[in-house]
Amino acid sequence: MARRETSVAGPGSRALIVDVIRSTISISRVELAERTGLTQPSISNIVRDLIADRVIYETGSADSARGKPRKLLAITPANRFGIGFHLGPDTLNCVAIDLTGGVVGREVVPFDGVDLAARLAERFGDFVDDLDLPRDRIEGLAIVAATARPGAEADAPHWAAVRAALADRLRIPVIVENDAAAAGLGEFWSRRVPREQAFGSVYLSTGIGAGLVFGGALFRGASFDAGELGHLSIAYDGRPCPCGNKGCVERYASMEATVDAAREAGLTVDQKTISSAYDAVAHAAVGGDPRAYAVVDQAAGYLSLAVTSMVNLLDLGRVVLTGPGVAVAGSIYARRLRAHLARTAHARHRHEISVELSAQPRDAAGIGAAALVVQASIAPGHTVPAT
Ligand SMILES: [Zn+2]
């Protein structure tokens, strides 16, 4: 699929070339010119700079029809690193990835959010020291967390101040982003999704969010609030939501809603936290308990309605289900969504809409955070820090 946006190198050309090399694993300069529409001299100049910066390297050769072997280019894996921290209600999930999106370190620690910037800075130091990562090869830190729910903004940390304090202490770029959006970018990066593919991810957790990646860039909307899939209504006069709307899918298919539905169905769910209670229901569902299966399958049906609307609105070609809500019973959600899209997706006769499950759903937001750092570093122009 050639993407002929321009034949003249511009500010986005470096990001374009990095994106194409990333998504193809390895590619020759000639194929790069064909895929990007850039001229051979432009390709040569940018590739030379990228090799000098050690973002890419020459890896072997491919046979050419005209005899002379073509050198192949690939992203340099273990050269630089992005660090992502996913702040949950009482834990911090710390992830380090290399430039290809490969996870080189991961740790989950209890975390209460008191004195946030100082604690995060301390944790950053411990995490990179434990992994023995050279500081000069760390491209930055991204902190991701659920956006404050409507009506609950006062509970949210003052992110602009946290970001400024961290950047000042650590002397590296610091990005702050919504967890669902970050997870989408992480899946995009580690799955090597080509930038011409309209890509979306669904992050199922205590809330429901989406990550949307168009042209290689995370779509953020007017105020970094794009992807509030949980507040897409699936019922005109449905359950009231704190956001002010009625019938929001989050009231029917979030982890909490599913736990409530399980209790209403007569299942004994006595775990203290939403996460552990939800996991118990999900384990029962995949373990053959018919009532638990019916509860999760119904939640998956509700979610499929909302995701299909999102797919139709944006004409997505590929959707990944991710987040802690699909860690145990993801196959039930994927099966429901595939069946619903096959019957009702508007573009189903024009192109395939693939539904995939995340390989690391519980770590997806942390991996995505680290991917934001890597993208901002080697394919700049896509990432605008949310402050
Ligand atoms: Zn709502």
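All views show a predicted model.

**Figure 1. Overview of the protein chain, with 12 helices and 13 strands.**
The C-alpha trace spans about 70 × 55 × 40 Å along its principal axes. The radius of gyration is 22 Å, which agrees with the value near 21 Å that a compact globule of 387 residues would have. Of the 387 residues, 45% are buried. Among contacts with a separation of 6 or more, 65% join residues 24 or more positions apart. The chain divides into domain 1 (13–75), domain 2 (79–185 + 365–378) and domain 3 (194–362).

**Figure 2. Helix 10 on the five-strand sheet.**
The sheet is open and runs in the order 11-10-9-12-13, with mixed pairing. Strand 11 (217–218) and strand 13 (354–357) are its edge strands, and each pairs on one side only. Helix 10 (residues 290–314) lies across strand 9 (199–204), strand 10 (208–214) and strand 12. Relative to strand 9, helix 10 runs at about 160 degrees.

**Figure 3. Strand 12 beside strand 13.**
Strand 12 covers residues 318–322. Strand 12 and strand 13 pair in the parallel sense, over four bridges. Val319 stands opposite Val355 of strand 13. Strands of a sheet pair through backbone hydrogen bonds, either parallel or antiparallel.

**Figure 4. Asp315, in the loop between helix 10 and strand 12.**
Asp315 is not a glycine, yet its phi is positive, at about 50 degrees. Most residues other than glycine have a negative phi. Asp315 has 13 other C-beta atoms within 10 Å, so it counts as partly exposed.

Asp115 sits in the loop between strand 6 (103–110) and helix 4 (116–131). With 9 other C-beta atoms within 10 Å, Asp115 is exposed. The cut-off for an exposed residue is 12 or fewer.

**Figure 5. Strand 7 between its parallel partners, strand 4 and strand 8.**
Strand 7 (residues 138–145) is mostly covered, with seven of its eight residues buried. Strand 4 (residues 81–87) pairs with strand 7 in the parallel sense over six bridges. In this pair, Phe81 stands opposite Ile138. Strand 8 (residues 174–178) also pairs with strand 7 in the parallel sense, over five bridges. Here Ala145 stands opposite Asn178. In a regular strand the side chains alternate between the two faces of the sheet.

**Figure 6. The contact between domain 2 and domain 3.**
The C-alpha centres of domain 2 and domain 3 lie 25 Å apart. The contact takes 13 residues from domain 2 and 18 residues from domain 3. On the domain 2 side, the largest share is six residues, from helix 6 (residues 179–190). The residues of that side divide into seven nonpolar, four polar and two charged.

Strand 2 and strand 3 (residues 70–75) pair over five antiparallel bridges. Ile56 stands opposite Ile75 of strand 3.

**Figure 7. Gly37, in the loop between helix 2 and helix 3.**
Helix 2 covers residues 29–36 and helix 3 covers residues 40–52. Gly37 has 16 other C-beta atoms within 10 Å, so it is partly exposed. A residue would need 20 or more to count as buried. Gly37 and Ala284 are 247 residues apart in sequence. In space they lie 52 Å apart, C-alpha to C-alpha.

Technical notes. Residues numbered from 1 in each chain as written. Predicted model: local features only at pLDDT ≥ 70, side-chain atom pairs only at ≥ 80, totals over all residues. Helix = DSSP H or I, 4+ residues; strand = E, 2+ residues; numbered from the N terminus. Rg over C-alpha atoms; globule rule 2.2 N^0.38 Å. Contact = placed C-beta atoms within 7 Å. Pairing = 2+ DSSP bridges. Axes fitted to C-alpha atoms, helices over the stretch in contact; angles between N-to-C directions. Domains from an automatic or database assignment. Nonpolar A, V, L, I, M, F, W, Y, C, P; charged D, E, K, R; others polar.
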